[in-house]
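Good morning, and thank you for coming.

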Amino acid sequence: MFTLGDSHIDTGNALVMAAPVMPVWIDKPPYGETFFGHPSGRFSDGRVIIDFIAEELGLPFLPAFLASSPNVSHGVNLAVGGATAIEVSFFETNGLVPFKLLNNSLDVQLGWFEQIKPSACDGASEEGQGYNDRDCLGRALFFVGELGVNDYNFIWMAGKTEDEVKTYVPKVVDTISMAVERLINQGAVYIVVPGNPPTGCSPAILTFRLSPNRADYDHISCLRAVNAVARYHNLLLRAAVGGLRGRYPHARIVFADFYDPIIRILENPGHFGFAGDTLKACCGAGGGAYNWGPSAFCGTPGVAACGDPAAYVSWEGVHYTEAANRYVADGWLRGPYADPPILSAVGRS
């Protein structure tokens with residue numbers, strides 16, 4: 001399994017990449033407390049979505065590409081927290097960010113994959129599989145995403161309106177689609193392409209974009225405009241996946257819905273075993289409706305986690321708890337949140 005994306009599935013790359021140049025908190029408790037018992041480089045209290053996918057497929061947890069000497073014979077995780085789909089120079093040269101970004105975009109991750117590919121397939125061959133690079137990649141499962149959340153967050157933070165942010169969506173989707181095509185041309189057959197989650201329900205975004213206008217919020221008190229961009233992204237991405245299926249009928253391309261499972265939980269939390277206060281972060285010090293503040297992040301001194309992370313959807317205001325990740329992963333593996341379900345696509349159902 002080879003995974004490209006951002007912090008929703010990163011298992012340690014951001015920690016290695018960011019620690020030398022900026023403050024990081026994910027290497028400190030209470031990160032990782034639920035499953036690992038210690039910080040693991042993941043942006044969660046425990047496992048992330050691809051950990052549950054790996055477990056279901058009988059694979060070990062994927063090592064982070066930037067970890068020292070990772071064993072890549074079963075695959076590798078190339079996703080990086082903060083990663084964009086579009087190359088970082090686009091945001092810098094167009095004045096969309098007031099700071100220099102880490103160079104961790106989708107194109108960079110693809111380059112890392114092409115760098116590691118020979119040793120990954122050699123490792124599989126050494127285990128007695130005995131097939132070439134194209135055979136090796138044809139038997140692997142790829143994730144391309146989730147991507148786009150950071151692209152849109154940077155554009156929102158640049159003060160753009162909903163309509164202005166939407167003008168960037170085709171470029172983001174085309175970038176993801178071209179990455180999938182690049183992998184197929186190298187021999188990939190099984191590819192999962194996740195859409196965007198409802199970031200307008202994120203405690204951090206809700207705090208940043210707090211509005212006195214009730215009309216800015218939907219029936220579950222999420223931000224309409226931010227979620228409208230996520231839905232538009234998902235609409236175009238699903239169409240792009242359809243186009244790729246038409247051009248590459250031998251490939252098994254899964255569209256994984258990251259939006260609806262989170263919305264279903266937020267609409268009826270008790271039904272799924274979550275507490276009622278679903279827009280509040282488990283780990284935070286902001287108090288108020290969202291328990292998130294821009295000056296006291298989870299992992300910094302004095303910031304504590306809630307007593308039961310499994311009752312919360314949001315771990316620290318941006319990313320999901322292990323419990324939410326488990327629900328999403330199960331919906332991707334078996335349905336109904338994937339087209340087709342992953343286990344069906346890979347012939348395991």
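This is a predicted model: local features need pLDDT of at least 70, side-chain atom pairs count only at pLDDT 80 or more; totals for chains, interfaces and linings use all residues.

Residues are numbered from 1 along each chain as its sequence is written, and side-chain values use heavy atoms, with hydrogens and water left out.

A disulfide is a covalent bond between the sulfur atoms of two cysteines; here, the two sulfur atoms must lie within 2.5 Å. The structure holds 4 disulfides. One of them joins Cys121 to Cys136, with an S to S distance of 2.2 Å. The torsion about that S-S bond is about -85°, so the disulfide is left-handed. Both Cys121 and Cys136 are buried, that is, under 20% relative accessible area with a 1.4 Å probe and protein chains only.

Another disulfide is formed by Cys283 and Cys298, whose sulfur atoms are 2.1 Å apart. Its torsion is about 95°, so this disulfide is right-handed.

Let us turn to the helices, which are DSSP runs of H or I with at least four residues, numbered from the N terminus. How do the axes of H2 and H12 cross? The axes of H2 (residues 49–56) and H12 (residues 322–334) come within 8 Å and cross at roughly 50°; axes are lines fitted to C-alpha atoms, for helices over the stretch in contact, and angles run from 0 to 180 degrees between N-to-C directions.

Methods:
Helices (H or I, at least four residues) and strands (E, at least two) are DSSP runs, numbered from the N terminus. Buried means under 20% relative accessible area, exposed over 50%, partly exposed in between (1.4 Å probe, protein chains only).
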